[in-house]
Amino acid sequence: IVTKESSSINICSDEAGNIYAAWFFSNNSGNKYLAKYNGSTNFKLLDGQIISRNISDWNNKVTINLGKDDGIKVNNPVLYEGILMGFVEKVEKNTSLVKLTTSENIRLSIPAMAYKDNKEFNGIMLSYDADENVYRFKTYSNQKELSIGNKIYTNGYTSGTPKGIEIGTVVELEKNKNNLEIIYKVKPSAELYDARYIQVIK
């Protein structure tokens, strides 16, 4: 049984001395995961699970067993194994509809960033391509700043979304048809196809 209790929180520091809040949580199989987010500890992580998923809309939306009675609100981030998988789109009394980051044919517009050489490079997640299984991400500069292998995270610029939630890894660089800007292809860090147990940040 998946409980709806908040997971345990610890204050940790990385090798560079940066402080972050770490949530340790487990699913009903006993698998433990660690999600770490830089900055504030004013967020709570609630465990839940996917209870409905339409086969014709598999990559776009899921229904979870957390709702208004649990304090869930529209735009709360939803995680799978500590990785960003979507945002709450609609809330009912005991359930919520989640729009996945793998939703096709829409503009994601998720503020994000990468770390490289101890620097932050901010940008935005543009879209998801189901055929290639990659997101498209661009920084606010048109210069080549990132390399293959760089991780992409949320940057905390969206209200209610902590900084540092992992999204994916840069796997390819491409230029748009006018060669005026660089787009980074980002492979999702989590495979959402069989996702069942989730966490909501609120």
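Began with the second largest pocket: strand 7 gives the largest share of its lining, 4 residues. I'm working from a predicted model, where local features need pLDDT of at least 70 and side-chain atom pairs count only at pLDDT 80 or more, while totals for chains, interfaces and linings use all residues. Residues are numbered from 1 along each chain as its sequence is written, and side-chain values use heavy atoms, with hydrogens and water left out.

Strands (E, at least two residues) are DSSP runs, numbered from the N terminus. On a 1 Å grid over the protein atoms alone, a pocket is an open set of points with protein on both sides within 12 Å along at least five of seven lines, and a cavity is a set where a 1.4 Å probe fits but cannot get out; lining residues have an atom within 4 Å of a point.

**Entry: the pocket**

I found 17 lining residues, and Asn75, Phe87, Lys99, Leu108 and Ile110 lie nearest the centre of the second largest pocket. Its volume (the space filled by probe spheres set on the grid points, which are joined across faces, edges and corners) is about 280 Å³. Strand 7 (83–91), strand 8 (96–100) and strand 9 (110–116) each supply at least two lining residues. I sorted the lining by class and got 8 nonpolar, 6 polar and 3 charged. Here Ala, Val, Leu, Ile, Met, Phe, Trp, Tyr, Cys and Pro count as nonpolar, Asp, Glu, Lys and Arg as charged, and the others, Gly among them, as polar.

**Entry: strands 9 and 10**

Next I followed strand 9 onward. Strand 9 and strand 10 run antiparallel, joined by 7 bridges; two strands pair if DSSP finds at least two bridges between them. Ala114 stands opposite Phe121 in strand 10. The two strands make a hairpin with 2 residues between them, and Asp117 in the turn has a positive phi of about 50°.

**Entry: Ile124**

I stopped at Ile124, which lies in strand 10. Is Ile124 buried or exposed? It counts as buried because its relative accessible area is 17%, and buried means under 20% (exposed is over 50%, partly exposed in between, with a 1.4 Å probe and protein chains only). Leaving aside neighbours within four places in sequence, Ile124 is in contact (heavy atoms within 4.5 Å) with residues including Ile110, Pro111, Arg136 and Phe137. Ile124 stands opposite Lys138 in strand 11.

**Entry: strand 11**

Strand 11 (residues 134–139) is mostly covered, with 6 of its 6 residues buried. In a regular strand the side chains alternate between the two faces of the sheet. Strand 11 pairs with strand 10 (residues 119–129) in the antiparallel sense over 6 bridges, with Asp129 opposite Val134. This hairpin has 4 residues between its strands, and Asn133 in the turn has a positive phi of about 55°. Strand 11 also pairs with strand 14 (residues 182–188), antiparallel over 3 bridges, where Phe137 stands opposite Tyr184.

**Entry: the cavity**

How many cavities of 30 Å³ or more does the structure hold? I noted 1. The largest cavity has about 30 Å³ of space. Phe87, Ile110 and Thr154 are among its lining residues, and strand 9 and strand 12 (151–155) each supply at least two. The lining divides into 4 nonpolar, 5 polar and no charged residues.
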